[in-house]
Amino acid sequence: MAVHQIHVNHRLKKRRRAESVFRFILIASVILVSLILSVILVSILWKSLPALKLSMILETPGTGYYLGKKGGILNAIVGSLEIAFGATLIALLIALPIVIYLNTYLKRRSFLAEVIRLSLDVLWGIPSIVYGVFGFLLMLILHLRASLLAGMVTIALVELPILSRALDETIRLVPAELKEASYALGASRWQTATRVVLRQALPGLITSVLIALGRGLGDGASVLFTAGYTDRITTSLLQPVATLPLAIFFQLNSPFPEVQQRAFASANILTLLILFISLLTRFFGRRLSKHKIR
């Protein structure tokens with residue numbers, strides 16, 4: 001008995017040491033991530049302070065703006081929102097039927113379902129610049145110019161696998177018993193998917209849409225060849241459109257310090273927009289979770 005007790009105590013001490021090590025690693029990781037984020041934000045804010053003015057978000061670039069004269073990036077802010085919202089809507093209209101088909105009309109472990117999920121995972125891993133090149137090739141084939149519409153379609157392709165896989169994982173968390181109860185009451189597969197499953201998955205759906213929206217706002221490589229750039233606010237789908245990532249890129253390459261400071265200010269504005277979307281994601285996730293059956 002004494003030998004057994006010694007062995008048990010040794011294992012308990014070993015587990016406690018391992019738990020202490022992992023706790024230390026977790027705390028250190030949290031501190032490191034917070035520190036990196038703080039350094040990035042503070043560095044950009046410090047660089048942008050001289051250019052952070054209300055005119056940055058209320059005015060479009062004026063004559064000589066890229067030489068350091070007056071103006072703002074209202075065109076890029078509006079353009080980024082136009083592209084991101086339009087692309088997210090297109091991606092959602094495509095992703096939602098795919099996910100409903102995967103989880104309602106196919107067996108969970110069927111070969112076709114696994115192929116579709118694998119394809120979406122591969123598409124998720126493709127760099128956004130590749131989507132930009134693909135969109136540019138489509139423009140050449142269709143004899144189209146760089147425009148808001150082309151930028152929307154390209155960003156929608158980038159968002160599609162992200163949105164689809166996020167929605168897929170959310171819907172797969174809906175209890176199977178809930179679906180079976182709906183079928184037992186005589187509901188069709190489509191009625192079950194749209195009136196029962198999607199209602200339960202609503203917090204995850206909103207979160208997925210907002211995550212995709214944030215990705216669309218911050219993506220610059222995919223619209224480099226397809227959206228073009230303009231100093232005006234775009235009012236037509238067939239006109240070129242400015243975006244915040246490209247505004248940052250063009251301003252940062254300027255030899256004028258004043259314009260470079262505006263690039264950092266633009267980066268701050270983009271960061272604040274994405275932060276706002278992240279806060280919305282958490283708000284809706286918590287607010288709508290009360291409708292879920294646990």
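Trainee: Why do helix 7 and helix 8 count as oblique to each other?

Mentor: Look at the axes (lines fitted to C-alpha atoms over the stretch in contact, with angles from 0 to 180 degrees between N-to-C directions). Angles under 35 degrees count as roughly parallel, over 145 as roughly antiparallel, 65 to 115 as roughly perpendicular and the rest as oblique. Helix 7 (residues 176-184) and helix 8 (residues 189-200) have axes that come within 10 Å, and the pair is therefore oblique with a crossing angle of roughly 140°.

Trainee: What kind of model is this?

Mentor: Residues are numbered from 1 along each chain as its sequence is written, and side-chain values use heavy atoms, without hydrogens or water. Local features need pLDDT of at least 70 and side-chain atom pairs pLDDT 80 or more, while totals for chains, interfaces and linings use all residues, as this model is predicted.

Trainee: Which residues of helix 8 make the contact with helix 7?

Mentor: Contact here means heavy atoms within 4.5 Å, and a helix is a DSSP run of H or I, at least four residues, numbered from the N terminus. Helix 7 brings L178, K179, S182 and Y183, and helix 8 brings R189, T192, V196, V197 and Q200.

Trainee: How many charged residues sit in the contact of helix 4 with helix 6?

Mentor: Helix 4 (residues 111-125) and helix 6 (residues 148-172) have axes that come within 8 Å and cross at roughly 135°, so the two are oblique. R117, L120, D121, L123 and W124 of helix 4 meet P161, I162, S164, R165, D168 and R172 of helix 6. Split by class, that's five nonpolar, one polar and, for charged, five.

Trainee: How is helix 8 set against helix 9, roughly parallel or roughly perpendicular?

Mentor: L198, R199 and Q200 of helix 8 touch L202, P203 and L205 of helix 9 (residues 202-218), a contact with four nonpolar, one polar and one charged residues. Their axes come within 4 Å and cross at roughly 70°. That angle makes the pair roughly perpendicular.

Trainee: Which helix gives the largest share of the lining of the largest pocket?

Mentor: The lining has 13 nonpolar, three polar and one charged residues, and among its 17 residues L41, N268, T271, L272 and L275 lie nearest the pocket centre. Helix 1 (2-48), helix 2 (55-58) and helix 11 (257-288) each supply at least two lining residues. The largest share, seven residues, comes from helix 11.

Terms used
1 Å grid on protein atoms, 1.4 Å probe; cavity = no way out; pocket = protein on both sides within 12 Å on 5 of 7 lines; lining within 4 Å. Nonpolar A, V, L, I, M, F, W, Y, C, P; charged D, E, K, R; others polar.
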